[in-house]
Every structure is written in C-alpha cells, then in structure tokens.
Amino acid sequence: MPEPALLEQKKSLRRTVRAAAADFYPRHGAASSREIFTRLISLPEYQACRTLFCFVGTGHETDTFLLLRHALQHGRRVAVPLCTGPGRMEARLIPNLDALSARGAYGIPEPAPDAPRLALQEIDFAVVPCLCCDRKGHRLGHGGGYYDRCLEHALFPWTVVCPEALLVPAVPVEPWDVTAPIVVTDQGVYRT
Ligand SMILES: Nc1nc2c(c(=O)[nH]1)N(C=O)[C@@H](CNc1ccc(C(=O)N[C@@H](CCC(=O)O)C(=O)O)cc1)CN2
Ligand SMILES: Nc1ncnc2c1ncn2[C@@H]1O[C@H](COP(=O)(O)OP(=O)(O)OP(=O)(O)O)[C@@H](O)[C@H]1O
C-alpha cells in the first residue's frame with residue numbers, strides 16, 4: 001500500500017522538478033546531453049556491452065539519440081522501451097534510428113508493435129530516464145512505475161541520467177523503488 005505522506009512528497013517534488021526541467025532543457029539541454037553522452041561512452045559497462053537497453057529521450061529529458069546512434073554504429077544490439085499496457089513496457093530491438101519514426105504512448109518515439117522483443121536476461125547495460133534523482137541513485141519518474149517493474153529483477157548494470165542542475169538532495173523512496181547503481185550527470189559519474 002502506498003504511504004500517503006510519501007506519495008504526497010513525490011507528487012510535490014514532481015511539480016517542482018517539472019517546472020525546473022521546463023526552464024532547464026530549452027536553454028541547456030543540448031549541451032547537457034552532450035556531456036552526459038561523453039560520460040556514458042566512457043563507462044566500462046557501456047564499453048563492454050554488446051546489448052544496450054536505452055530510453056528515447058524527448059523534449060524535457062536528456063537527448064539519448066547520440067548514444068543510440070553511437071551504439072548502433074559500433075555494432076551493438078540496441079533495444080528501446082515499448083509501452084505495452086499501464087505500467088508495463090518491453091525492450092524491443094531496433095535495427096536503426098528510422099525504426100523510431102512513430103510516436104507511441106505519451107508522444108515518445110517508439111518502435112513498431114512487431115519489433116522483436118528482447119528478453120531482459122539478454123541486456124548487458126541499460127540507460128534509464130528520470131525527472132530527477134539523488135546521488136544515491138534514487139530516481140523519481142513520471143509515476144507510472146514502468147522502470148520499477150522492469151528493473152525489479154535486473155541482474156545487469158544500469159545507469160540513470162540526470163543533469164546536475166536537476167539533482168536533488170534526497171528523493172523519497174517507496175518499497176518498490178529500484179536504486180540505480182550508477183548516476184551519470186553532465187558533471188560527473190556517481191557510483192552508489
Ligand atoms: N523517454 C521516455 N520513455 C519512457 C519513459 C520515460 O520516462 N521517458 N517511461 C518511464 O516510465 C515509460 C513511459 N512512461 C511515461 C509515463 C508518463 C508520462 C507523462 O505523464 N508525461 C507527461 C505528459 C505527456 C502528455 O502530455 O501526454 C508529463 O510528465 O506531464 C511519460 C512517460 C517508458 N518510456
Ligand atoms: N515492482 C512493482 N510491482 C507492482 N507495482 C509497482 C512496482 N513498482 C511500482 N509499482 C507501482 O507503480 C506506481 C508508481 O510508482 P512510482 O511513483 O515509484 O513510479 P516512478 O518510478 O516515478 O515511474 P517510472 O518508473 O514509470 O519512471 C506505484 O503506485 C506502485 O504501486
């Protein structure tokens with residue numbers, strides 16, 4: 001059962017961070033995303049990975065097209081989220097960026113519903129979005145629980161990405177919230 005106080009804290013933090021993000025991304029999003037990209041491709045977990053699962057960043061998120069393109073050009077298998085129901089998503093393989101020309105749930109570019117499914121056991125490394133997070137790897141998402149469900153049993157390393165300007169001292173943590181082992185910002189890499 002959700003604890004009412006924590007739920008309220010998350011709601012209120014989402015409101016504050018959405019406003020901060022709306023201010024941040026139009027002005028600094030492109031530069032921030034490039035810095036985050038540079039740090040991501042330097043991670044040993046990325047360099048070693050053969051199969052990458054990475055979100056497709058939209059407007060007020062880190063732009064991940066740089067990473068998706070890099071991974072495809074360097075021979076990695078690349079999968080992105082496809083929302084399949086409330087709070088549920090699957091990793092689906094894409095052969096190139098043209099496979100992301102359709103808009104899916106919430107206006108996010110998604111592969112076609114018949115794109116091949118990637119079993120979670122086959123993921124070597126994943127890159128995950130957030131509205132904001134803290135340096136301990138606690139992330140706040142949009143509240144759908146998509147990543148908490150998906151990463152609940154993850155045995156692979158994964159990182160959340162967040163501009164340093166949107167980091168918060170502490171994200172309220174509920175029992176089902178997963179903790180990112182790595183936080184990559186535009187200014188550094190934090191291992192939790
Ligand atoms: N790029 C990206 N892909 C993702 C996620 C994400 O956060 N970012 N998700 C992570 O869970 C899942 C989709 N979940 C989402 C749940 C709610 C909203 C949402 O409410 N967005 C807007 C409203 C969009 C609209 O105007 O309709 C909002 O925040 O106000 C977005 C994504 C899977 N794919
Ligand atoms: N592993 C899980 N199993 C069942 N329900 C879950 C699980 N994880 C989260 N939920 C449900 O999902 C809802 C949203 O959770 P939360 O607010 O933590 O989402 P979020 O992390 O902000 O969003 P997202 O993961 O989509 O970015 C909660 O009401 C919770 O009950």
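Figure 1. Helices (H or I, at least four residues) and strands (E, at least two) are DSSP runs, numbered from the N terminus. Along the principal axes, the C-alpha atoms fill a box of roughly 45 × 35 × 30 Å. This is a predicted model: local features need pLDDT of at least 70, side-chain atom pairs count only at pLDDT 80 or more, and totals for chains, interfaces and linings use all residues. Residues are numbered from 1 along each chain as its sequence is written, chains are lettered from A and ligands numbered from 1 in the order in which they are written, and side-chain values use heavy atoms, with hydrogens and water left out.

Figure 2. Of the 192 residues, 49% are buried. Buried means under 20% relative accessible area, exposed over 50%, and partly exposed in between (1.4 Å probe, protein chains only). The accessible surface comes to about 9700 Å², and carbon and sulfur atoms hold 54% of that area. Areas come from the Shrake-Rupley method with a 1.4 Å probe; for residues, only the protein chains shown count as cover. The chain carries 21 positive and 20 negative side chains, with the centres of the two sets 1 Å apart. Lys and Arg count as positive and Asp and Glu as negative, while His and the chain ends are not counted. Each charge is placed at NZ of Lys, CZ of Arg, CG of Asp or CD of Glu. Contact means heavy atoms within 4.5 Å. Among contacts between residues at least 6 apart in sequence, 68% join residues at least 24 apart.

**Figure 3. Pro-109 in strand 5.** The strand spans residues 109-110. Pro-109 is buried, because its relative accessibility is 6%. Leaving aside residues up to four places away in sequence, Pro-109 touches Val-56, Thr-58, Leu-100, Ala-102 and Arg-103. Its C-alpha atom is separated by 9.1 Å from that of Leu-82, 27 residues apart along the chain.

**Figure 4. Tyr-106 in the loop between strand 4 and strand 5.** Strand 4 covers residues 102-103. Tyr-106 has a phi near 60°, a positive value in a residue other than glycine. Most residues other than glycine have a negative phi. Tyr-106 is exposed, at 64% relative accessibility.

**Figure 5. Ala-126 in strand 7.** Strand 7 runs over residues 125-128. Ala-126 has 0% relative accessibility, so this residue counts as buried. Its contacts, not counting residues up to four places away in sequence, are Phe-53, Phe-156, Pro-157, Trp-158 and Thr-159. Arg-77 lies 49 residues apart from Ala-126 along the chain, and their C-alpha atoms are separated by 12 Å.

**Figure 6. Leu-151 in helix 4.** The helix comprises residues 146-151. At 4% relative accessibility, Leu-151 is buried. Leu-151 touches Val-128, Phe-156, Trp-158 and Val-178, with residues up to four places away in sequence not counted. Thr-179 is 28 residues apart from Leu-151 in sequence, yet 9.3 Å apart in space, C-alpha to C-alpha.

**Figure 7. Ala-20 in helix 1.** Helix 1 extends over residues 4-42. Ala-20 is partly exposed, with 33% relative accessibility. The C-alpha atoms of Ala-20 and Leu-131 are separated by 9.8 Å, with the two residues 111 apart along the chain.

Figure 8. A disulfide is a pair of cysteine sulfur atoms within 2.5 Å. The closest cysteine sulfur to that of Cys-54 belongs to Cys-49, and at 10.0 Å this is too far for a bond. Cys-83 is in no disulfide either: the nearest cysteine sulfur, that of Cys-150, is 11 Å away. Cys-54 is buried, with a relative accessible area of 0%. Cys-83 is partly exposed, at 24% relative accessibility.
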